[in-house]
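Trainee: I have a model open and would like to go through it with you. Can we start with the pockets?

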Amino acid sequence: MATGRTHRPATRSRGIPEATVARLPLYLRALTALSERSVPTVSSEELAAAAGVNSAKLRKDFSYLGSYGTRGVGYDVEYLVYQISRELGLTQDWPVVIVGIGNLGAALANYGGFASRGFRVAALIDADPAMAGKPVAGIPVQHTDELEKIIKDNGVSIGVIATPAGAAQQVCDRLVAAGVTSILNFAPTVLAVPDGVDVRKVDLSIELQILAFHEQRKAGEETAAGDGALPAATRAKSADQGPDGDVPAVMPA
């Protein structure tokens with residue numbers, strides 16, 4: 001079976017924009033769900049809605065793949081699944097190592113979606129000697145002393161870092177030195193890597209902060225809408241008063 005070192009995805013060589021590449025997994029997830037329901041064809045509007053994008057953007061994205069669909073019929077679901085899987089490099093086996101088997105690393109190891117999407121967890125690695133040999137998701141944890149050998153023996157080119165922030169850069173350096181060229185980083189820190197190494201960062205706290213921003217904005221809009229129901233004189237008085245209710249908060253220049 002082929003491994004991650006024998007082939008690289010063709011997306012860059014074919015000039016597919018990174019934004020399009022980022023949306024391909026969304027289309028693939030929606031198409032896979034349709035395939036599992038034995039749906040033979042899908043319109044651009046239906047698929048765009050399932051993937052959470054607009055149909056014009058979807059059609060533009062698919063044009064980079066050379067797939068234009070059939071007017072009045074739509075897209076062949078099975079063919080698109082194959083086409084996108086091939087473009088993403090998922091028609092082969094990609095061995096992956098997960099470094100850092102704490103709560104998050106163990107959860108990742110137990111995630112059942114890797115195998116069905118073309119990824120094989122080749123090894124689980126942790127610096128704690130007490131973890132060595134302990135099975136997680138049916139895979140025995142190995143010590144970080146074996147990291148380089150594990151990567152070489154399994155032909156690994158993708159590494160997942162789920163360590164504390166303080167250990168992440170050192171782990172990253174060792175992965176890169178051993179030949180890993182793509183890293184998925186769950187540690188709450190920015191990694192420095194040489195040219196030719198791709199890093200994707202997953203930071204749950206940042207995503208929560210973005211959601212908090214949107215929640216705050218929605219709350220502000222609701223407050224503004226509520227103020228709109230007040231009499232005009234009351235709104236004017238409130239706007240002119242300062243924090244103590246008697247002087248303007250900001251004096252005019």
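Trainee: Which residues lie nearest the centre of the second largest pocket?

Mentor: Gly100, Ala127, Thr163, Pro164 and Ala167 do, out of 21 residues that line it. On a 1 Å grid over the protein atoms alone, a pocket is an open set of points where a 1.4 Å probe fits, with protein on both sides within 12 Å along at least five of seven lines, and lining residues have an atom within 4 Å of a point. Before we go on, this is a predicted model, where local features need pLDDT of at least 70, side-chain atom pairs count only at pLDDT 80 or more, and totals for chains, interfaces and linings use all residues. Residues are numbered from 1 along each chain as its sequence is written, and side-chain values use heavy atoms, with hydrogens and water left out.

Trainee: Which elements give two or more residues to that lining of the second largest pocket?

Mentor: Helix 5 (103–109), strand 4 (119–126) and helix 8 (165–178). Helix 8 gives the most, with 4 residues. Helices (H or I, at least four residues) and strands (E, at least two) are DSSP runs, numbered from the N terminus.

Trainee: How much space lies in the largest pocket?

Mentor: About 1,800 Å³, where a volume is the space filled by probe spheres set on the grid points, joined across faces, edges and corners. The largest pocket has 40 lining residues, and Pro25, Leu88, Leu90, Phe119 and Arg200 are the closest to its centre. For the second largest pocket the space is about 300 Å³.

Trainee: Where does the largest share of the lining of the largest pocket come from?

Mentor: From helix 1, which supplies 10 residues. Other elements that each supply at least two include helix 4, strand 3 (94–99) and strand 9 (198–201).

Trainee: And how many residues of that lining of the largest pocket are charged?

Mentor: 10 are charged, beside 23 nonpolar and 7 polar. Ala, Val, Leu, Ile, Met, Phe, Trp, Tyr, Cys and Pro count as nonpolar, Asp, Glu, Lys and Arg as charged, and the others, Gly among them, as polar. The second largest pocket has 12 nonpolar, 7 polar and 2 charged residues in its lining.

Trainee: Switching to helix 3. Which of its residues are buried?

Mentor: In helix 3 (residues 55–64), Ser55, Leu58, Asp61 and Phe62 are buried, meaning under 20% relative accessible area, with exposed over 50% and partly exposed in between (1.4 Å probe, protein chains only). They are on the same side of helix 3 because they cover an arc of only 120 degrees around the axis, taken from the directions from the helix axis to the C-beta atoms.

Trainee: What covers the buried residues of helix 3?

Mentor: The cover includes helix 1 (18–36), helix 2 (44–51), strand 2 (75–76) and helix 4 (77–87).

Trainee: What sits at the start of helix 3, and what follows the helix?

Mentor: At the start, a side-chain oxygen of Asn54 comes within 3.2 Å of the backbone nitrogen of Ala56. After helix 3 comes Gly66, with a positive phi near 80 degrees.

Trainee: Where is Thr91 found, and what is it in contact with?

Mentor: Thr91 is in the loop between helix 4 and strand 3. Leaving aside neighbours within four places in sequence, Thr91 is in contact (heavy atoms within 4.5 Å) with Tyr82, Ser85 and Arg86.

Notes
Polar contact = N/O pair within 3.5 Å; in protein donor to acceptor, adjacent residues only side chain to side chain.
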